[in-house]
Amino acid sequence: MLLKIFSIPHMTDIYCDVIDNYGDIAFAIKLINTYVAEKKEKKFRFFCNNKILYDRFSKNISPEAIIHYISLENITLTPPASKIINLFERKIDYTFLESFDFPIYLIHFSYFSLEPYKSPLSPGIQAWHGKISEHKNLTIENFWVSLLPATGGIFSEKAYLSEIFSRKYFIENYWLPPNKKWISVFCYPETLNYLEKENFFKAASDMMFITFPKHDIHWENICKLPFLSMQEYYSLLQHCHGNIVRGENSLVSALESSAPFFWDIYKESNDAHIQKIEDFANYLTHTWYSEELIKAQLEGNIERNYERVRKIFTI
């Protein structure tokens with residue numbers, strides 16, 4: 001039976017199932033800010049499963065956006081908007097959406113990927129991006145976030161930030177030493193443990209490693225910063241001599257800084273991350289990045305060998 005309910009005008013629903021805490025919520029906020037800046041959409045209902053994390057990050061949302069937070073488990077308690085953005089391949093209750101008699105445009109945003117064409121049986125993400133299917137009242141579009149051509153591209157703070165904080169800003173507000181090379185370190189706890197065991201932070205005297213909350217390490221050349229806003233973090237990476245980042249959002253910021261970087265990819269129990277980092281290394285071979293930096297991505301993420309990572313920051 002179809003429900004005779006009108007759709008909510010000029011409203012977009014966003015479904016965000018947070019798994020990798022910071023990265024997932026930060027991507028959602030970048031998406032909202034980009035829609036506000038480029039598509040002039042301002043009204044959103046944000047369905048999420050982590051209110052605490054949302055409250056911490058919500059200060060980064062554009063002041064022009066009007067957001068109503070709703071627990072993810074309550075999706076079926078309210079009629080959907082006529083436009084839905086479903087993040088990270090969350091399982092959709094199609095029966096619920098098809099029970100309404102108004103058209104719904106559903107966009108599936110998949111995880112960041114660089115999977116290229118390999119064969120007709122493995123056509124890569126470019127074969128699926130932008131594909132549209134229709135069923136009953138639903139129009140469904142597949143959106144792949146990627147650096148590859150003929151995909152959805154990436155979301156950058158450059159699209160909406162009014163200001164990039166200067167190097168002087170961090171010297172004056174966070175007392176970072178002006179005469180040192182700054183290396184930002186934002187990685188997973190397991191990786192941090194490996195770096196400590198290898199005495200990674202026992203580096204040249206002209207280097208200062210910048211860490212963040214939950215990074216419990218103690219070396220003379222460590223400067224621990226408090227939790228930064230997304231604008232501050234993006235700006236900081238633009239001024240660092242090198243960056244260790246985790247998650248796709250931080251990776252984009254590191255790439256835009258043009259400084260040497262190491263991407264600490266999320267290590268999956270089924271080893272799916274190995275193919276992902278190999279695809280990334282293959283992508284980098286077509287850019288201006290050095291062979292040393294490319295090998296550092298592979299050795300650090302697959303072998304847990306960080307000697308080349310150290311080298312790319314000391315060259």
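Leu87 stands opposite Phe109 in strand 5. This is a predicted model, where local features need pLDDT of at least 70 and side-chain atom pairs count only at pLDDT 80 or more, while totals for chains, interfaces and linings use all residues. Residues are numbered from 1 along each chain as its sequence is written, and side-chain values use heavy atoms, with hydrogens and water left out.

Now the strands. Strand 4 pairs with strand 5, residues 104-110, in the parallel sense, over five bridges. Pairing requires at least two DSSP bridges between the strands. Strands are DSSP runs of E, at least two residues; helices are runs of H or I, at least four; both are numbered from the N terminus. Six of the seven residues of strand 4, residues 81-87, are buried, so the rest of the structure largely encloses it. Buried means under 20% relative accessible area, exposed over 50%, partly exposed in between, with a 1.4 Å probe and protein chains only.

Next, salt bridges. The structure holds 16. The criterion is a side-chain nitrogen of Lys or Arg within 4 Å of a carboxyl oxygen of Asp or Glu. Arg308 bridges to Glu292, closest N and O atoms 2.5 Å apart. Arg308 sits in helix 10, residues 307-314, and Glu292 in helix 9, residues 291-303, so the pair ties together parts 16 residues apart in sequence. Arg308 also bridges to Glu299, at 2.8 Å between the closest N and O atoms. Arg308 and Glu299 are both buried. Glu292 is partly exposed, at 24% relative accessibility. What links Glu292, Glu299, Arg308 and Lys311? A network of salt bridges.
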